[in-house]
Amino acid sequence: MQKTAIFPGSFDPFTVGHESIVRRATLIFDHIVIMIGYNHSKTPFFPLEKRERWINQVFQDDNNITVETFDGLTVDFCKKVGARYILRGLRTSADFEFERAIAQVNKQMYPEIETVFLLTVPEHTPVNSTIVRDIILHGGNASRFLPRCLDMDEFKPI
Ligand code: ADP
């Protein structure tokens with residue numbers, strides 16, 4: 001049976017940290033669906049259309065990695081696409097505490113689901129979308145934190 005994993009997040013923007021987790025996970029799963037979720041408690045910095053386009057660009061040569069947007073619960077999306085695994089990345093113990101609660105609640109809502117965590121590579125531990133947005137907002141160069149194939153001019157402050 002095909003092993004499909006969902007990689008949910010806001011990806012505002014998608015960073016080298018996210019890219020590395022997805023690429024490493026392709027050694028474990030047959031198909032990875034990157035799910036860009038809607039976070040109703042915060043307004044995104046980059047429009048959904050751009051975030052989706054950028055991620056599609058990063059994985060344009062990988063037909064086992066697809067990108068979708070979804071406004072709803074991650075477990076409902078898993079059911080919709082027939083996925084039994086949720087992929088998440090861990091950087092710090094703070095990530096772990098946050099992720100633990102979400103994974104355990106997801107397990108209660110959908111017992112067949114397993115959340116699989118990959119520990120970040122050391123050089124990506126400090127990379128997070130909030131810091132990358134801040135660098136961009138203040139006109140700094142965030143290129144080392146963003147996937148190589150993307151055009152940095154597109155990340156200019158909006
Ligand atoms: P969310 O809003 O759901 O936290 P994010 O876009 O911030 O979404 O992150 C999606 C996933 O990627 C989370 O599991 C997060 O821990 C993981 N992640 C974010 N940055 C990194 C990184 N630098 N290295 C490894 N995993 C990361």
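Analyst: A residue is called buried when its relative accessible area is under 20%, exposed when it is over 50%, and partly exposed in between, with a 1.4 Å probe and protein chains only. Helices (H or I, at least four residues) and strands (E, at least two) are DSSP runs, numbered from the N terminus. This is a predicted model, in which local features need pLDDT of at least 70 and side-chain atom pairs count only at pLDDT 80 or more, while totals for chains, interfaces and linings use all residues. Residues are numbered from 1 along each chain as its sequence is written, and side-chain values use heavy atoms, with hydrogens and water left out.

User: Which residues of helix H5 are buried?

Analyst: Helix H5 spans residues 129-137, and its buried residues are Ser 129, Val 132, Arg 133 and Ile 136.

User: How do you know that they lie on the same side of H5?

Analyst: They cover an arc of only 100 degrees around the axis, and therefore lie on the same side of H5. The arc is taken from the directions that run from the helix axis to the C-beta atoms. In general, an α-helix has 3.6 residues a turn, so residues three or four places apart point the same way. The buried residues of H5 pack against helix H1 (16-25).

User: What is found at the two ends of H5?

Analyst: At its start, a side-chain oxygen of Asn 128 comes to within 3.0 Å of the backbone nitrogen of Thr 130. This is called a polar contact because two N or O atoms lie within 3.5 Å; within protein, one must be able to donate a hydrogen and the other to accept it, and residues adjacent in sequence count only if both atoms are side-chain atoms. After H5 comes Gly 139, with a positive phi near 75 degrees.

User: Why is Pro 126 called exposed?

Analyst: Pro 126 has 55% relative accessibility and therefore counts as exposed. This residue is in the loop between strand E5 (114-119) and H5.

User: What makes Arg 51 count as buried?

Analyst: Its relative accessibility is 4%, and so Arg 51 counts as buried. Arg 51 belongs to helix H2 (residues 48-58). A polar atom of its side chain is 2.8 Å from the backbone oxygen of Ser 10. With neighbours within four places in sequence set aside, Arg 51 is in contact (heavy atoms within 4.5 Å) with residues including Ser 10, Asp 12 and Phe 46.

User: Which other residues of H2 are buried, and where do they lie around the axis?

Analyst: Besides Arg 51, the buried residues in H2 are Trp 54, Ile 55 and Val 58. The four cover an arc of only 95 degrees around the axis, which puts them on the same side of H2. Their cover includes H1, strand E2 (31-37) and strand E3 (65-70).

User: How many residues surround the ligand?

Analyst: The ligand is surrounded by 16 residues, each with a heavy atom within 4 Å. The closest are Ser 10, Phe 11, Gly 89, His 124 and Val 127. A polar backbone atom of Phe 11 is 2.9 Å from a ligand oxygen, and a backbone N or O atom of Val 127 is 2.9 Å from a ligand nitrogen. A polar side-chain atom of Glu 99 lies 3.4 Å from an oxygen of the ligand.

User: What makes Glu 99 buried?

Analyst: Glu 99 has a relative accessible area of 5%, and is therefore buried. Glu 99 is part of helix H4 (residues 93-109).
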